[in-house]
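User: I'm new to reading protein models, and I'd like to go through this one slowly with you. Could you show it to me, please?

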Amino acid sequence: MKNGTLLWIDDEIELLKPHILFLKGRDYDVHTANNGRDAVEMCRTTAYDLILLDENMPGLSGLQTLNLIKEVSPTTPIVMVTKSEEEDIMNQAIGAKIADYLIKPVNPNQILLTLKKNIHKKEIVTEVTNTGYQQNFGKLTALINDADTAEGWKEVYRNLVYWELELEHTDGNMIEMLRMQSQDADKSFARFICRNYDTWMQKPEERPLMSPDIFKKKVFPVLDKGEKVFLIVFDNFRYDQWRVISQEIADLFTFEEDLYYSILPTATQYARNAIFSGLMPNKIAQMFPDLWVDEDEEEGKNLNEAPLIQTQIDRYRRKDTFSYNKFNESSSVEKLLNRFNELERNDLNVVVINFIDLLSHMRTESKTIRELTGDEAAYRSLTASWFRHSAVGELLRRLAETDYHIIITTDHGSIRVKNPIKVVGDKNVNTNLRYKIGKTLAYNPREVYEIKDPRRAFLPSPNLSTAYIFAWGENFFAYPNNYNYYVTYYRDTFQHGGISMEEMIIPVVSLKSKKK
């Protein structure tokens, strides 16, 4: 089987016979042309894997031939080969989207390298990445087995996400092996949380950075240095989604990346209110009852975020001025951009972006969106595409022109659920698939994490007998009534509220402009 079919265009093609023989010896089928017009006609009848094109030819020049070939075969990689080192010619060639640029005299290994980069890159990357993962499989397994601290689990999750992103562009079967390893890790992580969450709540000095600590540990110290802060909170934003979005703005900012733990439930009502108030949920309900909305109330659960920020600033006797904006769509962000200069009056500007959470919910309800986001890789890809073309991307580009200290974070992540577990409750039980609150819940205690005394977890307790239960791993709660329909509808959807690395271990990143 041939390694590929090549076309080499050069008016002195006879002088290149040693190179052509070298390539044929490497199992390439090499066609030749000594002028641009013949080459263009050959491209009309033959599909080439790569074209080597001399820049300086009589008649049609290399650049003219390049443009004509692009019209006939726009996706074929073209490598410009030239004696000229003039910057203008390089710029024109690069502007015409050549695949590579070689300076004569070229040696066989240079040619072989450009063929590997442009024809065989995918299989080489697959082979090398698969080998790398196989070699690190044992180390990662040991890391998972030995993880027994919050920092240890953050390191596990970083490694799993690293390999997930590395393997997603390969053709190998290592992706399924990694998925199984991640499932095992999430089960071990759930056991870790079940063992330690109560201690974290009772002994705050022993807990990792969590939702109520974000302002105190990440925002206020920057303000105390005299820097202005722009805090962007993406609702329902996973660490892997941050990693792909970070590539979109890597040329604009330097990153100081950290991970922190969302409180339970990993849901906006609890986790984001804890961020903005600096308090655990039951403390918000006790101290500011007008600002807390119980599960059974129909009022929106996050309508009081700006007042909660003010309570935290007041509680620490600070004088920071701030703005607060929440957006569900790009048009609203565009309006913010139109009054961008006004924001400079504030010490702190807080922006909440709800699109990713809306995307998660739309994926559940829409077959089209579910088709577009069939797995985690597709979910990440759609997130990156949205960011690239949204006004949020433009907001970051505008911020790169300023001296703002930018902090990007989230309230919780989400996980793709697979396994239904039965729960029975009365009509007042909340609808979330990853956690349930009620006083008459019936369930298998071995399948959930129970909090029978919500006060110990600093959670509101509407009744003396109220209990919270949480699903872990890829499990989700399903009622016995209409069980099969319910399971079919919700299986393979992204949900949040429970215990998993994807929901609980989430990014908090500081950005500084490279232009400043």
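Predicted model: local features only at pLDDT ≥ 70, side-chain atom pairs only at ≥ 80, totals over all residues.

User: Okay, what is the phi of R317 near?

Analyst: Phi of R317 is near 55°, which is a positive value in a residue other than glycine. Most residues other than glycine have a negative phi.

User: And is R317 buried or exposed?

Analyst: R317 is exposed, because its relative accessible area is 75% and exposed means over 50%.

User: Which loop holds F458, then?

Analyst: F458 lies in the loop between β15 (449-451) and β16 (467-470), and F458 also has a positive phi of about 55° although it is not a glycine. Its relative accessibility is 22%, so F458 counts as partly exposed.

User: Switching topic: where are the cis peptide bonds you mentioned wanting to show me?

Analyst: A cis peptide bond joins K104 and P105, with omega at about -5°, and the place of P105 is in the loop between β5 (100-103) and α5 (108-118). Another cis peptide bond joins L264 and P265, where omega is about -10°, and P265 has its place in the loop between β7 (253-261) and α11 (268-277). As background, most peptide bonds are trans.

User: Now the strands. How many residues of β6 are buried?

Analyst: Six of the six residues of strand β6 (residues 229-234) are buried, and the strand is described as mostly covered. In a regular strand the side chains alternate between the two faces of the sheet. In β6 both faces are covered, with V229, L231 and V233 buried on one side and F230, I232 and F234 buried on the other.

User: What does β6 pair with?

Analyst: Six bridges join β6 to strand β9 (residues 348-353), and these two run parallel; the bridge partner of V233 in β9 is V352. Six bridges also join β6 to β10, again in parallel, and there L231 stands opposite I407.

User: Does β10 lead on to anything, or where should I go next?

Analyst: Strand β10 (residues 405-410) is joined to β19 by four bridges, and these strands run antiparallel, with I406 standing opposite L511 in β19. L511 is also the bridge partner of F255, and β7 and β19 pair in the antiparallel sense over nine bridges.

User: Why is β19 called largely enclosed by the rest of the structure?

Analyst: Strand β19 (residues 505-513) is largely enclosed because eight of its nine residues are buried.

User: Let's do a helix. How many residues does α8 have?

Analyst: Helix α8 (residues 174-202) has 29 residues and reaches 41 Å from its first C-alpha to its last, which is close to the 42 Å expected at 1.5 Å a residue.

User: What is the volume of the second largest pocket?

Analyst: The second largest pocket has a volume of about 470 Å³. Of the 24 residues that line this pocket, the closest to its centre are E164, I175, R179, E376 and R416. Helix α8 gives the most to the lining, with seven residues.

User: And what kinds of residues line the second largest pocket?

Analyst: Its lining residues divide into nine nonpolar, two polar and 13 charged.

Terms used
Residues numbered from 1 in each chain as written. Heavy atoms only, no water. Expected span 1.5 Å × (residues − 1). Buried < 20%, exposed > 50% of the residue type's maximum accessible area, 1.4 Å probe, protein only. Pairing = 2+ DSSP bridges. 1 Å grid on protein atoms, 1.4 Å probe; cavity = no way out; pocket = protein on both sides within 12 Å on 5 of 7 lines; lining within 4 Å. Points joined across faces, edges and corners; volume = space filled by probe spheres on them. Nonpolar A, V, L, I, M, F, W, Y, C, P; charged D, E, K, R; others polar.
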